[in-house]
Amino acid sequence: MKISEAIQNRSSIRAFKPEGVSKKIQEKILISANMTPSGANMQPWIVYAVSDEALLKKIGDAIIEKMDAGVEHDQFIQYYPLQWINPYKKRRIETGVGLYTLMDVGRKDIQKRTEMWKDNFRFFGAKTVFFVFTDTTLIDGASGAFIDCGAYMQTIMLAAQEYGVASCPQGSTTEYGRVVADVLGTPNNLALLYSVVLGYPDTTAKINTYKPARIDISENVTFL
Ligand SMILES: Cc1cc2nc3c(=O)[nH]c(=O)nc-3n(C[C@H](O)[C@H](O)[C@H](O)COP(=O)(O)O)c2cc1C
C-alpha cells in the first residue's frame, strides 16, 4: 500500500465486525507507531492496549454512569476550545450535522444523539482500544508532548491500515480521562490524552460511509 493510499483511504470508522485484532498485529502497529518522531526523542506516549472485553465494558460503564449523573467531564486535559469561533465552529457543526443527517437523526432528537455519543463508550463494537497517556510532568506548563502524541495517533492509524485494521480516534474518552485512569489503575503521574479504537470495519454499516470533506488548501496554506 502506498502511503498516499493509506492517508486517503483512512477515515474514522464507527461500526466494527466482532473479530478482535490479534496481539501480533497490535504489536506490529505499535512497533511502527513507536517510530513516530518526537522532540528530543522524548517519546512521551505511554499506551495501555486493552482487548479485555470485561475491562472495556467496565471503562465504558463507568463513563456512562458519570454521563448519566450529569458529569460533563472528568478530565486531565481540555481538548476542545472553551469558546468556539468561526470557521472552526462552522466546521464542527457541519461535521456533526452531516453524520446525524446520514443516520436520520433529527437535529432536536437529543436522546438519539446522546445514544450515538454513548456508542463511543461501547467503542463502536471494537474489541481493542489503545489508551494513550503521557507523563503529567511533560504537560505541566509545556505543550510539546501533545504535538508528539498527536503525531503518534496518526502513525497508529496509518500503520493499522496496512493490516486492514480500521480505527477511530477518540477525544470523547479524553473528557473522562480520570475515569479511564481510575478503572485501569494507572500510576498517578499519567494523564490520558486520547484513545484509538481498532478493529475490522463493518462494511455494511451506513455510518462507515461518512467521509467529511476538507477545506481546500488554498484556505489554510500560504505559499511564499
Ligand atoms: C483528537 C481527535 C478526537 C476525536 N474524537 C472523536 C470521538 O470522540 N468520537 C468520534 O466518533 N470521532 C472522533 N474523532 C474523529 C473526527 O470526528 C474525525 O477525524 C473528523 O470528523 C474527520 O473525519 P475522518 O477521520 O473520517 O476523516 C476525533 C478525531 C480526532 C483527531
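Here is a short tour of the sheet and then of the ligand site.

What you have open is a predicted model, so to speak: local features need pLDDT of at least 70, side-chain atom pairs count only at pLDDT 80 or more, and totals for chains, interfaces and linings use all residues. Residues are numbered from 1 along each chain as its sequence is written.

**Stop one: the sheet.** Show the four strands that make up an open, antiparallel sheet, ordered β1-β2-β4-β3. Strands here are DSSP runs of E, at least two residues, numbered from the N terminus, and two of them pair if DSSP finds at least two bridges between them. At the edges you'll find β1 (46-50) and β3, each pairing on one side only. On average, neighbouring strands are turned by 25° against each other, direction ignored; the axes are lines fitted to C-alpha atoms.

**Stop two: β2.** Select residues 128-135, which five bridges join to β1 in an antiparallel run. Click V47 and look across to V132, its bridge partner in β2.

**Stop three: the ligand.** Pick the 13 residues around the ligand; S11, S12, P169, G171 and S172 come nearest. A residue counts as near if its C-beta atom, placed from the backbone, lies within 6 Å. Strand β3 (residues 166-170) gives the largest share of this shell, three residues.

How values were computed: Axes fitted to C-alpha atoms, helices over the stretch in contact; angles between N-to-C directions.
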